[in-house]
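I am opening a notebook on this structure. My plan is to start with the chain as a whole and then look up single places.

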Amino acid sequence: MSEVLTQAAGLLRRERLATATGLLFLAMTLPTLLGLALDGRTIGGVSVWLKPLKFQLSLAVHVLTVVLALSALDRKARRGRAAAVIVAVLLGAALFEAGWITLQGARGLPSHFATSPFDLAMYALMGIGATLLVLATALLGALILRHPAPGVPVLVGRAVAIGLLVSGVTGLVTGWAISTNDGAVVGGSGVAGPTIPLFGWSGTAGDLRVAHFVGLHAAQLLPLLGLVLSASRARGAPQVLAAAAVLWPAATLGLLLQALAGRPLIPLG
């Protein structure tokens, strides 16, 4: 495991553009937090700065995850055209998403489901950008499966690849569900109402963001499972990883169906 961590630390230094992009998103959270504390403007009863903050944090985690995931890709493939295109598309899409959502927060206007012709056009571009981002994530997972790095334990490499694949595919499906529903809330009056603290998910209606969150974070949690299984050297470790690879998207689908049925994850009255 120490070899993996050493290689990952080296990648954070070598993949300077991607690392800088992830750190930029983290840096953006500081003025956003200031806006959250001092700016009283709201959209739908929620601070105009809350959505920018969520996306900045989420994209920072995702981009830095991709940087670390490149350690599981064979060096020759990592320097190849396919990996370069995938990373470039992913970074470009992430920068556009974070930039536009933050700008709209500063303007006090919604970034999603906007109403003016210009904002609607930008929302459509955001949809294209988000689609490219999750597709690039899934393609990187497929590339790692095909060209695993020889110095990375097999279980870890597979877990990284599967995590990216599951994240990309389930992120695409759940993201489109939110878009075609014209919002994340299903049922009730169409508003979140009482929400689960920290996450902001509805406690009285179905909320498609639950499945979106769980699906996307397979990119972080399945590799962590792979690290634990590899360190344990347990005989059944490959079977456990295989089961997780099946159960994770199944759980995401279950949460998606629950939300589409109008049922909250945790009823709050």
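Below are my entries, in the order I made them.

**Entry: the kind of model**

I note at the start that this is a predicted model. I keep that in mind for everything below.

**Entry: overall fold**

I looked up the helices and strands. The protein chain has 10 helices and 4 strands. I then read their order along the sequence and wrote down α-α-β-β-α-α-α-α-α-β-β-α-α-α.

Next I checked the dimensions. The C-alpha trace spans about 50 × 35 × 30 Å along its principal axes. The radius of gyration is 19 Å, and this agrees with a compact globule of 269 residues, because such a globule would have a value near 18 Å.

I also looked up burial and surface. Of the 269 residues, 44% count as buried. The accessible surface comes to about 13500 Å², and carbon and sulfur atoms hold 71% of that.

Then I turned to contacts. I took those with a separation of 6 or more, and 74% of them join residues 24 or more positions apart.

**Entry: helix H5 and its end**

I picked helix H5, residues 81-107. H5 has 27 residues. From its first C-alpha to its last it reaches 39 Å, close to the 39 Å expected at 1.5 Å a residue. Just after H5 comes Gly108, and I noted its positive phi of about 75°.

**Entry: a nonpolar patch**

Which residues make the nonpolar surface patch? I found Val85, Val89, Leu125, Ile128 and Leu132, together making about 400 Å². Helix H5 and helix H6 (117-146) are the elements that give two or more residues to the patch. H6 gives the most, with 3 residues.

I took a second look at Val89, which is found in helix H5. Val89 counts as partly exposed because its relative accessibility is 33%, between the 20% and 50% cut-offs.

**Entry: salt bridges**

How many salt bridges does the structure hold? I counted 3.

I began with Arg41 and Asp39. Their closest N and O atoms are 2.7 Å apart. Arg41 is partly exposed, at a relative accessible area of 33%.

The side chains of Arg107 and Asp119 meet in another salt bridge, at 3.5 Å from N to O. This pair links distant parts of the chain: Arg107 sits in helix H5, Asp119 in helix H6, and they are 12 residues apart. Is Asp119 buried or exposed? Asp119 is buried, because its relative accessible area is 6%, under the 20% cut-off. Arg107 is partly exposed, at 40%.

Asp207 counts as buried, at 4% relative accessibility. Arg209 is partly exposed, with 27% relative accessible area.

**Entry: Leu255**

My last stop was Leu255, found in helix H10 (residues 237-260). Leu255 is buried because its relative accessible area is 17%, and the cut-off is 20%.

What does Leu255 touch, leaving aside its neighbours within four places in sequence? I listed Val210, Ala211, Val214 and Leu265. I also checked the spacing of one of these contacts. Leu255 and Leu265 are 10 residues apart in sequence, and their C-alpha atoms are 7.8 Å apart in space.

Notes: Residues are numbered from 1 along each chain as its sequence is written. This is a predicted model: local features need pLDDT of at least 70, side-chain atom pairs count only at pLDDT 80 or more; totals for chains, interfaces and linings use all residues. Side-chain values use heavy atoms; hydrogens and water are left out. Patches are made of residues with over 30% relative accessible area and no salt bridge: like charges are joined within 9 Å, nonpolar side chains (Val, Leu, Ile, Met, Phe, Trp, Tyr) within 5 Å. Accessible areas come from the Shrake-Rupley method with a 1.4 Å probe; for residues, only the protein chains shown count as cover. A salt bridge is a side-chain nitrogen of Lys or Arg within 4 Å of a carboxyl oxygen of Asp or Glu. Buried means under 20% relative accessible area, exposed over 50%, partly exposed in between (1.4 Å probe, protein chains only). The radius of gyration is taken over C-alpha atoms; the globule rule is 2.2 Å times the number of residues to the power 0.38. Contact means heavy atoms within 4.5 Å. The expected span of a helix is 1.5 Å times one less than its number of residues.
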